[in-house]
Structure formats: structure tokens, C-alpha cells
Amino acid sequence: MLDQNRIQQLRQETPGVAELIHLNNAGAALMPQQVLKAITDHLELEARIGGYEAAADQMRPLARFHMVLADFLNTRSRNIAYSGSATDAYNKALSSIPFEEGDVLLTTQDDYVSNHIAFLQLQRLKKIELVVAPIDTSAGGVDLTAMQQLIKKHQPTLVAVTHIPTNSGLIQDVEAIGRMCKEVDSWYLVDACQSAGQLPLDVEKIHCDFLSATFRKFLRGPRGAGFLYVSDKALQAGLEPIYLDLHSARWTKEREYEVVNSAKRFELWERPHALILGGKAAVELAMDIGMPHIQERVQMLAHHTRERLGKLSGVRVLDQGPELGGIVTFHIPGQDPKLIKKQLQEQQINCSIVAYDSALYDFNRKGVKWALRVSPHYYNLEEEVEKLVHSLKGIIR
Ligand SMILES: Cc1ncc(COP(=O)(O)O)c(C=O)c1O
């Protein structure tokens, strides 16, 4: 458990908390000083000695990026690739799956909006069959029994599951689904964009072939940077993304190329080294604090937020699931979410809005056209949640 001294220390290392109550960590968390310093130090070095020279100077710390991420996910550095964003990582993984006409892609109703758009595009371009597993209406979350039946029936080429959706507090049981995929040998792609930095991730336990995430959310890293895990099975099967370059492949003969034999085949040569060092610093901090401690505190604060909001007259908390994480969503009938967000921001409280077209299945089922989203991190305080509740009370009235 994180004690009060540690929380105070972590707050002191977070410049943003002095000025505001940041409850938009599912959007982008406040960067700690360690991350900011890693980025600015490298940018200053680039400005002083040149970009290529700075990369050569920082070769060792840059090479450690893959090792640190490997430790974080319980894998090896050869299985890690840098990416420009979670979606960049995700789409590269998706582009490497050897779909043929009629192949099945199985997903859930709560998968991320951009993932659903990419699936629909694949359906149009590659004539795959898109199967969306139903929700367990009593517990919330994907119906695991139905998922098992669909996997057995369709033997999908790919099963794609978002661990923590952008639009609800739900945590999907990605480990149970991983065991199902293993039985039929489907490729398994997990979107861990909201779970990376929020709870422990172990790719061995999840049994996934790909896992994509960003640094800017619960990992507290910079914007414009993400990563991809690629399993040995996927590497050995020769899966490769569209398109390659001189870093991800070698031009061996005039009419031949070879992909590199690590997950670096999912990277491109040009990368923002300052952000890579910032991302590494963010992961090092998360591991130093301890992911189980982070998970415990985030869930405690989110649970407290749900309880307090649930007691506010007119507020409907929307989260449903066998296990809930650090994202709290709620609806207030008859109110304008943009106005509420603006009024909260005027009181130095940050939250965000989930739009209808980011969560079609979920919001249609819940009968709402928007949700306000509050996402505390370990550096938030229960007093800050109280201030949010107090402010909301005034705004709704
Ligand atoms: C669950 C989930 N997946 C993917 C993404 C996309 O991340 P990025 O904007 O880094 O591509 C988000 C962003 O909010 C998300 O919440």
C-alpha cells in the first residue's frame, strides 16, 4: 500500500498538482519531473550537439528502453517495439495478420472506437467476417461463455480485446480469453492502452501475441509515444507489418529483403529519442512504485468516486463489470456535458467527455448519448474527489 509520505513525495515530483485537480488520467496523466527531465535533457543535447550525435551519445539508455519495457511486461527485449501511439502499434499488429477472405475476426462490444473502425475497414477491404461477442447483461463485460462458444465455433484468425475500455470502468478478463485463444491457436491482440500503468500486465499470463499501449495515460509518459509487444510465435511465423523500412528489414539483394528477427520489425527508423527516454523514465517510476500498489490506490480512489457520485441527486453512474478499474463514467440527464466540463475546468478540475460515437454498443445499451469521465491516479487525493463532488453539486443545481 502507498503510505501518505510516499503520496506526498510523488505529488511533489508532479508539478501540475500544485495548480489543479487532474482527474483526466485516462486522457493524459500529469508527467512527473523525472519524465520531463529525461525528455528536456535529451532535446537540449540534440540542440547542442546534433540529433544523430545525441542518439549516439545516449545509445545505452536508448537501448535500455526495450529492456525496461520487457521487464514491465514480463517478456524479453526482442519482443518489444516502440510506436508513435497506441493506435499506431495496434494498426501495425493488425496489418501483419494474414487474413484471407471469409476469415473471422472476433471482438467485443467494448473494444476501442478506432479498433472497431479498423475492423470494419478490414471487413470491406479483405472481406473478413467480423463477429462481435455479446455482453453478459447481469455482470457487465463480455460474456465469457458466449466468447468460448464463438471461439470454438469460428476458430477465429484473430481475437481482439480491449483490456479496459475508454468509455467505462470495466476490466475485461483478458487472461481467461487468452486461454481460450490458445486452445484453437487464434492470434490474440490485446489493447492495453488504458491498463498500462494502471494495473500489472504480464504477457505470459495473458497469452497474447500482441499487446499495444501508450505512455501518456496511466504510465504518465509523454504524448506521441507508445509500444507494442509481439510474441515469439508471431515473430517466428514471420508476421510483418505493412510497411517496412531499412530499420525493420534489410535489403539483401536487388529484388529481396529480410525482416529483422525481433519486434523491431514493427518499428521505423525515425523515432523521437527524447520521447523514448521519457517513456522509459515513466515505466521505471511505475515499477519503482510497484504496479500492485498503483492498482490498489487507483481502484480505491475510483471506487470512492463512484460511491460519492452515485449519491448525488440526478447523477447516474454508468460503470458495470465483474471488476472495475480507474475509469469512472456517469451521465446527468438534461445537462450539457460540455458546459459541465467547462465549469469544472474554471474551478481547476479536469475531467473529460466520452462522445456517443466513441461507444456505440455501450451507450445504446445504457440509453445515453454521452458520459462524463473522471479518472483518478495514485497522486490524486480523496479531498480532490470531495472537491469534484462539491463543485458538481453546485453546477447541477
Ligand atoms: C482503450 C483505448 N485504446 C486505444 C486508444 C488510442 O490511443 P492513442 O490515442 O495513443 O492511439 C485509447 C485512447 O483513448 C483508448 O482509450
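Author: In this predicted model, the contact between H4 and H11 is made on the H4 side by Pro61, Leu62, Arg64, Phe65, Val68, Leu69, Asp71 and Phe72, and these meet His273, Ile276, Leu277, Gly279, Lys280, Val283, Glu284 and Met287 in H11. Sorted by class, the residues of this contact comprise 10 nonpolar, two polar and four charged. Two packed helices are described by the angle between their axes and the distance between the axes. For helix H4 (residues 59-73) and helix H11 (residues 273-289), the axes come within 9 Å and cross at roughly 35°, and the crossing is left-handed.

H11 also packs with helix H2 (residues 33-49), at an angle of about 160° and with the axes 8 Å apart. Since angles over 145 degrees count as roughly antiparallel, H2 and H11 are therefore roughly antiparallel to each other, and their crossing is right-handed. From H2, the residues Gln34, Val35, Ala38, Ile39, His42 and Leu43 take part, meeting His273, Ala274, Leu275, Leu277, Gly278, Ala281, Ala282 and Leu285 in H11. This contact has 10 nonpolar residues and four polar ones, with no charged residues.

Turning to the sheets, seven strands form an open sheet of mixed pairing, in the order E2-E8-E7-E6-E5-E3-E4. Its edge strands are strand E2 (80-83) and strand E4 (129-133), each of which pairs on one side only, and the twist averages 20° from one strand to the next. Helix H7 (residues 144-154) packs on this sheet, where it touches strand E3 (104-108), E4 and strand E5 (158-162), and the direction of H7 makes about 160° with that of E4. Within the sheet, strand E6 (residues 187-191) and strand E7 (residues 210-214) pair in the parallel sense over three bridges, with Asp191 standing opposite Ser212 in E7.

A further open sheet has four strands in the order E11-E12-E15-E14, and its pairing is antiparallel. Strand E11 (316-317) and strand E14 (352-355) stand at its edges with a single partner strand each, so one side of each is left without a neighbour in the sheet. Strand E12 (residues 328-331) and strand E15 (residues 370-374) are joined by three bridges and run antiparallel, and Phe330 stands opposite Leu372 in E15.

Terms used:
Residues are numbered from 1 along each chain as its sequence is written. This is a predicted model: local features need pLDDT of at least 70, side-chain atom pairs count only at pLDDT 80 or more; totals for chains, interfaces and linings use all residues. Axes are lines fitted to C-alpha atoms, for helices over the stretch in contact, and angles run from 0 to 180 degrees between N-to-C directions. Helices (H or I, at least four residues) and strands (E, at least two) are DSSP runs, numbered from the N terminus. A crossing is left-handed if the near helix is turned anticlockwise from the far one by less than a right angle, and right-handed if clockwise. Two residues are in contact if their C-beta atoms, placed from the backbone, lie within 7 Å. Ala, Val, Leu, Ile, Met, Phe, Trp, Tyr, Cys and Pro count as nonpolar, Asp, Glu, Lys and Arg as charged, and the others, Gly among them, as polar. Two strands pair if DSSP finds at least two bridges between them. Angles under 35 degrees count as roughly parallel, over 145 as roughly antiparallel, 65 to 115 as roughly perpendicular and the rest as oblique.
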